[in-house]
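Here's a quick briefing to read alongside the model. Keep the 3D view open and follow along.

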Amino acid sequence: MTWNPYYRGDGVVREDTRLPDPPPWRTFPRTSGADVFQPPEGLVDAVNAALALRRPLLVTGSPGTGKSTVIEQVAVELALGPVLRWHVTSRSTLADALYHYDALGRIHAHRLQQEKARAGETDTGTDDIAAFMSLGPLGTALLPSDRPRALLIDEIDKADLDLPGDLLDVLERGVFRIEELRREGQEVAHLRMSGEDAKYPVRGGLVQCTEFPFIVMTSNGEQELPAPFLRRCLRYTMPRPTAALVREVVRGHLQLDVPGSGPLADLVDDFVRRVGDGEHVAIDQLLSTLHLLDGAQKPEAAERGALIGLLMKNLSGA
């Protein structure tokens, strides 16, 4: 069978073309990878220490090593609820993660109220400041709770240089104040929580956690983080994968037992060798390649090399 079962590049319309089932990790709505994640040696101890000490866990490693999946498995096993997520970029600020205030939206709503009043119309809108506010992932994680919430701060090393320092006070005291509510003297404001339709009554503009959240921060090691910040974290570095661990990951994700020899075994061994040599290749690249090579539409031998080259490119290259 040739590797052109879907798009063929000949301009012919084929309305009866059916795409195959997607890989398990590309089905939507997305499902957690907690049931197939294989924690490497030492990670369980690091997680338990972070839980016991109420400290954030900083997990460093190459892309695709499962750093962000750690918290999903912990949240499932300890029934911590849905994982709150803050994906950090160079433009991220602490305020973004705590809460959002749509000041322009409130000004616009106020002007509409005035226009309707001048026109003699009945206005059913609101000028309640809480209607224009919502809590961010970090702000939601710090809400009072009987059990800690789970928060993923993804790719903290991509942050502006000031962000880790700005986080220090919040991580130490577990408290922040919403100044807009304080200035308006609003005693209770019901604010929407991150990722949920539910609202939480914030009193006096002050949010003080009662159970420090379980926080996992991931880093690809692209930027050195300041020492005062690192001192407040427990740190764990994902080890380079072994052939045995990769085979377990493949079995969990694809229900595929890689034989001891043959083309699939060679692909696994080559992946482990490349990672060991310092190349940036991710486990999800390998999983995608194995999914296609062993799938229903298997490419012929002549096409396998081109397909492997397409999917297994070094991530640090162009």
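Numbering starts from 1 along each chain as its sequence is written, and side-chain values use heavy atoms, with hydrogens and water left out.

**More on helix 4**

- Helices (H or I, at least four residues) and strands (E, at least two) are DSSP runs, numbered from the N terminus.
- With 16 residues, helix 4 reaches 23 Å from its first C-alpha to its last, close to the 22 Å expected at 1.5 Å a residue; the expected span is 1.5 Å times one less than the number of residues.
- Just after helix 4 comes Gly120, with a positive phi of about 75°.

**How confident is the model?**

- pLDDT is the predictor's confidence in each residue, from 0 to 100.
- The chain averages a pLDDT of 89, and 96% of the residues score at least 70.
- Among the elements of the chain, helix 4 (residues 103-118) has the lowest mean pLDDT, 84, while helix 5 (residues 137-141) has the highest, 98.
- Where pLDDT is low, the predicted coordinates should not be read in detail.

**The whole chain**

- Count up the secondary structure and you get 12 helices and 11 strands.
- The chain has a radius of gyration of 25 Å, well over the 20 Å that the globule rule gives for 318 residues, so it is more spread out than a compact globule. That radius is taken over C-alpha atoms, and the rule is 2.2 Å times the number of residues to the power 0.38.
- Along its principal axes, the C-alpha trace spans about 75 × 55 × 35 Å.
- Of the 318 residues, 42% count as buried.
- Take the contacts with a separation of 6 or more: residues 24 or more positions apart account for 77% of them.

- The 14 residues of helix 10 (residues 263-276) should span 20 Å at 1.5 Å a residue, and its end C-alpha atoms are 20 Å apart, which agrees.
- Buried residues of helix 10 include Leu264, Leu267, Phe271 and Val275.
- The buried residues of helix 10 pack against helix 9 (243-254), helix 11 (283-293) and helix 12 (301-311).
- Gly278 follows helix 10 and has a positive phi, near 95°.

- Pro299 sits in the loop between helix 11 and helix 12. Buried or exposed? Pro299 is buried, with a relative accessible area of 7%.
- Pro299 and Pro5 are 294 residues apart along the chain, yet their C-alpha atoms are separated by 9.8 Å.
- Asp284 belongs to helix 11 and is partly exposed, with a relative accessible area of 40%.

Terms used: Predicted model: local features only at pLDDT ≥ 70, side-chain atom pairs only at ≥ 80, totals over all residues. Buried < 20%, exposed > 50% of the residue type's maximum accessible area, 1.4 Å probe, protein only. Contact = heavy atoms within 4.5 Å.
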